Structure formats: structure tokens, C-alpha cells
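Subject: Structure handover

Hello,

Here is the structure we spoke about. Please open it before you read on.

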Amino acid sequence: MDLNRFKPEIVEPYSRIIYGPGFNLRLRNKILKTGLALAICLTMAFIALPVASLFLKSPLDTTLRSLHDPVVMDALRLSMMTSTLTTLIVVLMGTPVAYVNARFHYPGKEIVDSLIDLPVIMPPAVAGIALLMAFGRMGIVGHYLNALGLSIAFTTLAVIMAQVFVSSPFYIRQARTSFEDVDLAFENAARTLGASRVYTFFHVILPIAINGLISGAIMAFARSLGEFGATIMFAGNFQGRTQTMPLAIYTAMQGDMDVALCLALVLVVISFLVIALVKTLTRRMYRNART
Amino acid sequence: MTERRRILFLLTLTVLMLCTDAKEPEELTVFCGAGLTGAFNEIGQIYENESGIGVDFNFDGVPALRAQIEQGAYADIVVSANLKHMDALEREGYIDNDTVEIFAGNKVAVIVPNDNPANITNLTDLAKPGVKILIGIKDLPAGDYARRVLDKLAVDPEYGPAYKEAVAANIVSEETTVNRIVSKVALGEADAGFAFISDVSPQMVGKVTRIVVPDEYNVVGKSPLGVLKHSKYPQEAQSFIGLVMSEEGQSILKKYGFIPVNENSMNWQAIDQTSSKVCDNWGRIRWI
């Protein structure tokens with residue numbers, strides 16, 4: 001058999017036919033690749049350099065010593081406490097909302113969805129002033145609370161409220177997609193086998209969606225840990241009561257740079273941990289979804 | 001080829017234009033304590049009208065401004081509300097020391113919202129339990145001076161150390177600029193705040209009331225300004241300072257509640273010595 005007839009007739013690359021003679025595809029590819037690599041390197045450098053500078057500019061011994069500074073300790077404790085409570089509140093409040101929005105249609109759902117996303121886009125300073133206008137002593141709701149002897153501004157509760165306000169969308173969005181990803185077939189199977197709606201939710205849907213929910217909760221935790229603008233406007237700045245880590249960094253920067261750097265490093269480390277956690281969890285979620 | 005030559009020509013032209021441009025300043029950059037916003041905006045406007053050179057202000061808490069300068073920010077003039085931060089900048093070599101001048105004095109005042117929900121009419125009322133008081137952070141000139149006033153009250157038998165402790169217990173927030181203290185008090189979120197007499201700007205007049213701290217307990221703060229060593233336009237900066245020190249500038253400052261420098265009632269030397277001493281003690285005292 002004459003194998004030659006299977007030989008492709010066009011020996012020249014298509015590119016040369018299209019672009020004419022003298023066109024070197026390999027060279028062009030090389031230039032493109034170098035360009036892209038350069039773009040990646042530049043972007044990486046732009047993000048990595050400031051983070052690395054934080055570590056390079058703070059000598060380890062003074063930073064470790066600053067870790068015992070009461071300002072640092074108080075801020076760390078307060079931040080951890082408020083962010084944990086915030087995450088709990090967001091999960092309790094947000095899970096039903098996310099589930100309902102993932103599974104059901106109802107009038108005004110679009111509005112609810114947009115409202116949930118609003119704090120992500122809203123500048124924190126706007127969130128702060130909005131909270132003041134609502135819950136401040138002269139605010140629309142705060143006015144009545146004040147009459148009852150309840151005052152929210154300048155308390156730890158105000159810190160938590162500011163954090164819930166800004167971080168809830170991060171959880172609700174993630175939880176919603178996680179619920180949407182759960183195959184309806186599982187739910188229907190459980191229901192036909194006689195499981196109640198509530199039983200199905202807790203024993204079928206929740207276990208499948210749990211990794212996504214946890215990573216959403218971690219994102220909300222991270223966002224509340226970093227909350228600054230709304231907190232300083234609504235909750236004020238008082239060591240041990242409302243001075244969270246970002247506020248302490250801002251305050252310390254005006255007096256004691258070592259303390260500011262120390263707190264910044266702690267926050268960077270926490271951010272890294274959060275990213276690592278979310279990555280492993282979401283990866284596991286997709287592996288689970290595939291098998 | 002002609003195309004390329006034309007581009008080259010245009011490029012040289014732009015570079016030349018940029019070079020000549022640098023000699024004639026379009027604007028002065030002034031780093032200014034937040035509490036001086038009103039008065040300096042007005043003085044800056046006059047300077048712009050007279051010289052045709054724009055004045056670009058960066059208003060923030062003085063310690064924040066100092067940190068920015070120490071980290072390499074560019075400014076022609078820095079205006080502080082107290083000597084401490086200016087001294088530090090001079091020591092660190094950022095300021096042309098010959099240009100530093102004290103342009104005004106200032107005193108501490110307690111401000112309360114106009115409707116005064118906690119019914120504060122004198123200094124004693126600040127110690128009532130449950131009163132919400134705002135103060136500046138200790139690095140802020142207004143916060144520093146407020147603490148000195150409380151120190152003075154603490155040693156007076158009429159008030160005593162218990163008074164100071166009671167007031168300290170009522171502090172709900174330490175703010176990083178004096179403007180935020182005034183605006184939060186004006187909003188009615190806090191019952192009282194420690195600020196300077198001059199911090200009640202014309203816009204705030206209808207919203208907050210000042211309670212005067214008697215002179216025997218008050219501290220007179222000296223506010224300096226100076227030209228930075230790296231300033232590109234030292235001459236223009238000097239003329240701006242000249243305007244601040246002129247009768248016109250001083251009358252604007254007086255309007256805003258500052259004490260003009262030519263008023264003889266102040267004994268600058270005596271103030272300076274006592275204030276730096278108290279200041280050292282304050283660095284160690286922790287609130288709560």
C-alpha cells in the first residue's frame with residue numbers, strides 16, 4: 001500500500017499561508033510566552049513585594065517583643081473574640097437565607113439578592129455612617145433603644161454589628177452556590193424514602209454542602225478580622241473594648257511603629273492560613289462532587 | 001525616518017517643558033493638623049488669590065502626618081498643633097530648623113452637643129458615672145493636652161485623683177483626629193469631648209457648645225509650622241509662612257479661636273518647660 005497518499009499535502013504551516021512568507025510561528029509563540037511570563041512576574045512582584053517588605057522591615061526580636069505589648073494582646077484577643085462571634089451570627093442568620101435563595105423562587109428575590117451583595121460594594125466608611133444613622137444614639141432605631149437605656153455606639157456590640165454588616169455577603173454568596181451545587185436527585189431520593197424536609201436538610205444536603213459552607217464562613221471570618229472603616233466610625237477606638245487589630249495598627253502607626261508592624265505581621269500570617277484553608281476545603285469539595 | 005525624527009523632537013520638547021515647569025511652582029503642598037482645617041483653608045485661599053500659586057492641603061492627625069513624612073512623603077510645609085512632633089521632625093533632620101515659627105497658641109476646651117443630653121455644665125459633671133467622653137489618642141496634640149489638663153485637675157484638692165479616675169473611666173473612645181471628636185459630639189453620639197478651643201469651626205457653632213477650662217488648669221499649646229528641607233519651593237513656602245504670621249493671617253486664626261502670637265498674655269518660655277516635663281510622664285500612663 002502506498003502510504004504516501006496519507007501524507008498531508010500542506011507542508012507549510014497554516015500561519016505562513018495566512019500571514020505570508022517569512023512568518024515564524026515559533027518565534028512569535030516565544031515572544032508571546034515571554035510577554036505573558038513577564039506580565040505574571042510583574043503582577044506577582046507588585047503583590048509580593050509589599051508583603052515581603054513587611055517581614056524584611058521588622059526585625060524579628062523587636063517584633064516578638066512587641067507581641068507581649070498590652071496593646072497587641074488586647075487587640076488580638078478582641079479581634080479573635082468579635083470575629084468568632086460575628087462568624088457564628090453570620091452562619092446562623094445566613095444559612096437559611098442562602099438555602100431559600102438557592103432552592104426557591106419568590107417575589108422580590110432579586111431585591112433580596114442585591115441587598116445581600118450591597119455591603120461588598122459599599123465603601124466601609126459608608127457602612128460606618130449608615131450604621132451610625134440607624135443605631136447611633138440619635139439614629140432611627142438607636143433613638144428608641146436609647147430611650148430603653150440601651151446604647152450601642154462605642155461598645156463591643158457595635159464592633160460585632162459593623163463586622164456582621166460587612167462580612168455577611170461573603171458567607172451567604174458562597175453558601176448559596178454550595179447549596180445550588182447539591183444535586184436535586186439526592187434531595188428527592190431522601191424525600192421519597194420518607195425523610196422529612198428538616199431531616200433531609202440536616203442529613204443529606206448539609207453534609208454535601210458543608211465544605212463550601214465552611215470556606216464561606218472562613219472568608220467571612222477573614223473579612224471581619226480586617227474590618228476597619230465601619231468600626232472606627234461606629235464603634236470608636238478604645239483599647240480592649242473596641243480597638244480591633246486594624247484599628248490598633250492605625251493607632252500604633254502614629255506612635256509606636258514596632259507595635260504596628262507586629263500586628264500587621266500577625267494579620268498577614270492569619271491571611272495566609274485563611275487562603276490555605278479555603279483552598280484545601282474547596283478542592284476537597286470539588287473532588288467530592290466529582291466522585 | 002522623518003516620522004521618527006518628529007517624535008524625537010516632540011519628546012525633547014516635552015522634556016524641556018517639564019524642566020522649565022519645575023522652576024515655577026503650581027502648588028505648595030502643606031501637611032496640616034486636622035484641627036487647623038478651617039483657618040488654614042481660609043489662609044490658603046488668600047495665598048492662592050495673592051500669589052497665583054495653588055495650595056494643596058493634606059489634613060490629618062499630626063502624628064499621622066509625621067509618620068508620613070518620616071516614611072518619605074513630600075511636603076513643602078508642615079503645620080503642627082504642638083511642639084512635640086515638630087521637635088521630633090527637627091531632630092530627625094526633616095525640617096529646615098531656621099524656618100520654624102510658632103504661629104499661634106491654643107487652649108483645651110470641653111465640647112458638648114447643643115442639646116446636652118448628659119447635662120454637663122462644668123468640669124465636675126464629666127466625672128458623673130455613665131457620661132460618654134471622647135479624647136484624642138495620647139500622640140495626638142489634643143489628646144496629649146487633654147491628659148495634661150486632667151493631670152492638673154488631679155493634683156488640685158478641689159478635684160483630686162479620684163476625679164481623674166472617674167473621668168478616665170468615662171472615656172469611650174480614643175480618636176485619631178480632633179475633627180472626629182468634634183463631629184461625633186455634634187452627632188450626639190458622645191456626651192462630651194476634649195478638644196481645642198479653636199476646634200469649634202463656624203460650621204459646628206450651632207451644634208456644639210464649649211465649656212471653658214479655667215486658666216489655672218488649662219495648658220497653652222504652642223502651634224509651630226516650618227519648611228521641610230526637601231522642599232522644592234522654599235521661597236514660596238517662606239512667603240506662605242509670612243502670610244500666616246501677618247496681621248491678616250493672625251486675625252483669621254483669632255477668628256477661629258486661636259491665640260495670636262502677638263498677644264502678650266502668654267509666657268511662652270514658662271509654658272514650654274512645664275509642658276515637656278508633664279509630657280514625659282504621660283507617655284507611661286496607661287488608660288484603664
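Below is what was found in it.

Note that this is a predicted model.

Chain B first. Chain B has 288 residues, and 45% of them count as buried. It holds 10 helices and 10 strands. Take the contacts in chain B between residues at least 6 apart in sequence: 78% of these join residues at least 24 apart.

Next, the two chains together. 16 residues of chain A are in contact with 16 residues of chain B. On the chain A side, seven of the residues are nonpolar, eight are polar and one is charged.

Now look at helix 6 of chain A, residues 124-135. Its 12 residues reach 16 Å from first C-alpha to last, close to the 16 Å expected at 1.5 Å a residue. Its buried residues are Pro124(A), Ala127(A), Gly128(A), Leu131(A), Leu132(A) and Phe135(A). They cover an arc of only 135° around the axis, so they sit on the same side of helix 6 of chain A. In chain A, these residues pack against helix 5 (109-121), helix 7 (142-147), helix 8 (156-181) and helix 11 (229-234). They also pack against helix 7 (178-187) of chain B.

Last, a loop in chain B. Asn116(B) is found between strand 4 (101-113) and strand 5 (133-136). Its phi is positive, about 45°, although it is not a glycine. Asn116(B) counts as partly exposed because it has 16 C-beta neighbours inside 10 Å. Asn119(B) lies in the loop between strand 4 and strand 5 of chain B. Phi of Asn119(B) is positive too, near 55°. Asn119(B) has 11 C-beta neighbours inside 10 Å, so it counts as exposed.

Best wishes

How values were computed: Residues numbered from 1 in each chain as written. Chains lettered and ligands numbered in written order. Predicted model: local features only at pLDDT ≥ 70, side-chain atom pairs only at ≥ 80, totals over all residues. Contact = placed C-beta atoms within 7 Å. Nonpolar A, V, L, I, M, F, W, Y, C, P; charged D, E, K, R; others polar. Helix = DSSP H or I, 4+ residues; strand = E, 2+ residues; numbered from the N terminus. Buried ≥ 20, exposed ≤ 12 C-beta atoms within 10 Å, placed from the backbone. Expected span 1.5 Å × (residues − 1). Arc of directions from axis to C-beta.
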